Every structure is written in structure tokens, then in C-alpha cells.
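Trainee: I am new to this structure and would like to be guided through it by question and answer. May we begin with the overall picture and then proceed to individual residues?

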Amino acid sequence: MLATPRLRLLSQLSVMLQRRSAVTSNVLSRLAEKEGEALLGGGAKRIDTQHKKGKLTARERVKVLLDEGSFVEWDQLVVHDCVDFEMDKQHYPSDGVVTGTGTINGKQVFLFSQDFTVFGGSLSAAYARKIVKIMDHAEMVGAPLIGLNDSGGARIQEGVASLGGYGDIFLRNVLLSGVVPQISLIMGPCAGGAVYSPAITDFTFMVKGTSHMFVTGPDVVKQVTNEAVSQEELGGSGAHCGVSGVAHGAWDNDVITLLQTRRLLSFLPSSNKEKAPEQPSSDPIDRDISALDNIIPNSPILPYDMKHVVRFITDEGDFFEIMPDYAKNIIVGFARMEGQTVGVVGNQPLVAAGCLDINASVKGARFVRFCDAFNIPLIILEDVPGFLPGTQQEHGGIIKHGAKLLYALAEATVPKITIITRKAYGGAYVVMNSKHIRADINYAWPSAEIAVMGAKGAVAILNRGDPDIDKREAEYSDKFSNPFPTAEKGFVDAVIMPSHTRQKVCMDLRWLRNKDQRNPRKKHGNIPL
């Protein structure tokens, strides 16, 4: 008799669990269906079209970029909430953007990947909220943010709500600047207001032939200016890597671009709270680089390749150059010294004799400020005959733009080491991380010439009308075309053989690891923008 109620209870419980199982089975079935729809994006036909253009899909890109099996997707089932223009009849799970977190070489990153197969990758309010969520988490945990851009712009059907979404993203780009590294990959169209997010981020990479960036496209340009121009001419990788300086590098296809992004991340800390990354190095600091002793030509007007110097002195000659096709008279990029990441800035005698001009100054300043924000030591290789003269430079604002590089180097508090390889003339000598703007260590090679200007220009002023100009030039060169006057004043710490450069710099970086230098307390400086 006592067992009967228990049996009834068990029977009722069994029926209830069966019903719940049926409900759960139904939910799981719907979940699998929605996940399948999300993975398919805009459908097989649109994916095929994407592939025919030589482009990977949003999810394929994520798979190439991240470590295998590390991707954790967020908000896969999100759909837009627009009802105008019959949009309530068109819903795709994920809504045109794949977001989440994963690892690159074991390092945590957050990313979004725009899906051109869904509404042309256009941004909706829901889509923007997905991006904002991962941006907020990147800041919270201190992890790099990567954006894979392939979008036609704002979703017109949503009007100002879509524009507001861009504003939310831009705000976070600004707030995250200098906090975590931000990288933008342009892997298709990026037009209109959408371009300002990549413009704020630290590095922008493009894919040759398939990626384009512009505020107004060719059709609008034609209407307004009557100028006929193609997408590639207006906003392709050639235009932005070589002319505008908007992009920092470009490669032949999606896969190479993604793999190069992985390589870049290996040089960067996850946030401004970390020191420059270090990895084991088997390259001895006293490696034989005696060939450097003969790299400087006998004639001061003959060029040489500063990139050769970089590869001689850095670990295994591994140099990740930034903006290699823009302002080629200055080189910037990442390398390693005794396993530690360093930022390299060098004048390039092969181009415009290494003169500083507007574009070179802006390029160098931007790179220096990134390194300073993320605790990456700076190595400056100096061979500069001065600022490029001419009305084009003066009217273009070389005074203001040149001051940007001066400001950036003077403001930087990371370890800063300068090696003067040959010329260091005029104001450019001061700008290129001289002792006067807080360089930690300044070396000069025996070939260094440190003066207000070159012998010919100086003698033309000092000895105007002198019949023996050649003799006066020889006298001036004998006095100033060497590093000793500067060394006697303590403006260089030592005159070293080129072949000793690697060992000296590596040893200096050891004791500079504990450098603690701070600027005066202020809200922010007013760099001459």
C-alpha cells in the first residue's frame, strides 16, 4: 500500500521527462538548423561567387587566421530587427558578421569578420552591437582586436540606426587606441563612413586586386568632379600603400595576408600593460658581422641600403617592415634583439638620400608613437642630410609635419638607442633621436658626419667669395666630417665599429629593461596634427 504513491510519482515523473525530452529534442533540432544556416551565410550561390572573385568567406578567413580549433564564436544566432522595406522577411543567423575570440600562436585575440554574402556585409544596428561586444571584452581582458573588413557599408534599410552603429564602433576604436593593438584587414570593399574605423586602428593591411577603400566611390566622383576613375585607381592597395599612406601593407591574396597578420602579432604585446614580447633566440649577440665595416661607401654622395644594416644587426635578419611602399626614404618595422621585440626606424640613403620630408615624418612619427604606447624599445639608424628643401615641401607644411617626428621621439619614454651611420645634418640630427631629446644611448660609426650642414653648403656661406673654395671645403670636412667634435661634447656616448653594433645594442637593451621614465602629468599633449 505504501509503495503505490511512490509508483504513481515515478510514473508521473517519467511521463514529464519524456515530454521534456521531446521539447528538448525539438529545441536541439531547431538549434542545429539555425547553426547550419549561420554557417552557410548568404547561401551556396553567393559563397561560390565569393570564391570566383578569389576571396575566402568570412568563416574561412577566421579559420586561416586563428590557431586550429581555438575559435569560440559569439552571437551566432543574432538577427537584425529591421521591419522596413520587407526586411522582416529576410533573416540570416549572424546577420552578416562573424564575431568571437580565439588564439594566434597561443595569444588570445578578439575579432570580427564581415560576411559579404549576407546583405553585402552591410552593417545593421544588431551587427554593430556584436562588434561592440567583442571590442569591450578586448579592452576588459587586454587582448588585441582584429577586424576583417568586407562590406558595402551601412545598411540603407536601417537608416540612422546603422550610422549610429558606426559611431559606437568608432568611439571604441578611439578608447582602445594605445590600450590594445588594433589591426584592420581590408579584404573586399570598405566604403563611406566605414573607412574611419580602419583609419583609427594601428595597422591596416589590404589584399591586392580585391580590396578597396574610399569615402566616395567612382560613381560619386564622376558625378561631382566629372573625373573617370576605377575602383582600383581610386582606392586599391596600390593607391593606399604607395600614395595615400592609409594602408601599411598589401599581399597577393587572402591567405598570405592572414598569415602575415599572424606574423605581425608575434612581435606585439597583448596590451599596454605588458612589456615587449620575448622569445628564445639562438642567434648569438657576438655573431660575426664584420661585413658591416665596409658597408659605407668611400664617397659621401654614394648610397647604400639601410635595410642591409637592419638585417645584419637583428636576430636572424628577421625584419617585419611596415609601409614598405610609402615614403621609402625612411624605413620602419619590427625586429628582435636577443629575442626581444624592437621597433626600428632608419633613414634610407637609397631614396632621396635619406632626407626627411612630409610623408617620411608622418610615417616615422606614427610608428614611434605605437612603439611607445606598447613598451617596445626603439632603435634609430641615422643617415640624414636634412629635411627635403623646396616650395612643395614648405607649402605642404614640412615645418608642422616634421615636428610630428620630433614630438613623437621626444615624448617617447621607452628605451631609445641611436646609431649614426653617416650623415647627421642640421635640425634633422636633433629630430632623429639625439641626446638632446632624451635618447638613452647614442653611438656613432667612424664614418659619422655630424654638423649643421654639409661642407659645400657651409663653405658657400662661411667663405663666400673665397677663391680657394676647394681648400676651404677640405678644411671644413676635416673638422666636421667625423664623429669626434660631437663625442668630445658628450652628445654621442661612444664611437664604435659597425661590426660591434649588434653586441653593443643587445647589451644596452639588457640594462634598459628596467627603465622608468615618466612625462609631466597632463591630460594629453597637443602634437602638431
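**Overall architecture**

Mentor: The secondary structure of the protein consists of 19 helices and 17 strands. Please bear in mind that this is a predicted model.

Trainee: What percentage of the residues of the protein count as buried?

Mentor: A residue is called buried when its relative accessible area is under 20%. The C-alpha trace spans about 125 × 70 × 45 Å along its principal axes. Of the 529 residues of the protein, the share that counts as buried is 51%.

Trainee: Among contacts with a separation of 6 or more, what share comes from residues 24 or more positions apart?

Mentor: Contact here means heavy atoms within 4.5 Å. Among the contacts in the protein with a separation of 6 or more, residues 24 or more positions apart account for 73%.

Trainee: Which are the edge strands of the open sheet of 7 strands?

Mentor: The strands of this open sheet follow the order β1-β2-β3-β4-β5-β7-β9, with mixed pairing. From one strand to the next, the twist averages 20°. An edge strand pairs on one side only, and the strands of this kind are β1 (72-74) and β9 (249-251).

Trainee: Which residue of β3 is the bridge partner of G102?

Mentor: Strands of a sheet pair through backbone hydrogen bonds, either parallel or antiparallel. Strand β2 (residues 97-104) and strand β3 (residues 107-114) run antiparallel and are joined by 8 bridges. In β3, the partner of G102 is V109.

Trainee: At about what angle to β3 does helix α3 run?

Mentor: Helix α3 (residues 58-65) lies across β1, β2, β3 and β4 (145-149). Angles are taken between N-to-C directions and run from 0 to 180 degrees. For α3 relative to β3, the angle is about 160°.

**The nonpolar cores**

Trainee: Which residues touch the most other members of the largest nonpolar core?

Mentor: This core has 52 residues, and its largest share, 6 residues, comes from α12. A second, separate core of 28 residues includes I285, I295, I296 and L509. In the largest core, the residues that touch the most other members are I146 and F334.

Trainee: Leaving aside neighbours within four places in sequence, with which residues is I146 in contact?

Mentor: I146 belongs to the largest nonpolar core. Once its neighbours within four places in sequence are set aside, the contacts of I146 are L65, I104, V109, F110, L111, F112, I183, L185 and L265.

Trainee: Is A365 buried or exposed?

Mentor: A365 is found in helix α12 (residues 358-373). Beyond its neighbours within four places in sequence, A365 is in contact with K404, L405 and A408. The relative accessible area of A365 is 5%, and the cut-off for burial is under 20%; A365 is therefore buried.

**Aromatic pairs**

Trainee: How is the aromatic pair of F267 and F320 classed?

Mentor: A pair of aromatic rings is described by the distance of the centres and the angle of the planes. For F267 and F320 these are 6.3 Å and 50°. Planes under 30 degrees apart count as stacked and those over 60 as edge-to-face, the rest being tilted. The pair of F267 and F320 is therefore classed as tilted.

Trainee: Why is the pair of F334 and F370 classed as it is?

Mentor: The ring centres of F334 and F370 are 6.0 Å apart. F334 lies in strand β11 (residues 330-337) and F370 in helix α12, so the pair ties together parts that are 36 residues apart in sequence. The planes stand at 75°, so the pair is edge-to-face.

Trainee: The charged end of which residue sits over the ring of F267?

Mentor: F267 is buried, and ring pairs link it into a cluster whose members include F320, F334 and F370. At 4.0 Å from the centre of the F267 ring sits the charged end of R336.

**Positive phi angles**

Trainee: Is N226 buried or exposed?

Mentor: N226 has a positive phi of about 65° although it is not a glycine. Its place is in the loop between α7 (218-225) and α8 (231-235). The relative accessibility of N226 is 58%, and the cut-off is over 50%, so N226 counts as exposed.

Note on methods:
Residues are numbered from 1 along each chain as its sequence is written. This is a predicted model: local features need pLDDT of at least 70, side-chain atom pairs count only at pLDDT 80 or more; totals for chains, interfaces and linings use all residues. Side-chain values use heavy atoms; hydrogens and water are left out. Helices (H or I, at least four residues) and strands (E, at least two) are DSSP runs, numbered from the N terminus. Buried means under 20% relative accessible area, exposed over 50%, partly exposed in between (1.4 Å probe, protein chains only). A nonpolar core is a set of buried Ala, Val, Leu, Ile, Met, Phe, Trp, Tyr and Cys residues joined through side-chain atoms within 4.5 Å. Rings of Phe, Tyr and Trp (its six-membered ring) pair if their centres lie within 6.5 Å; planes under 30 degrees apart count as stacked, over 60 as edge-to-face and the rest as tilted. A charge sits over a ring if NZ of Lys or CZ of Arg is within 6 Å of the ring centre and within 35 degrees of the ring normal. Two strands pair if DSSP finds at least two bridges between them.
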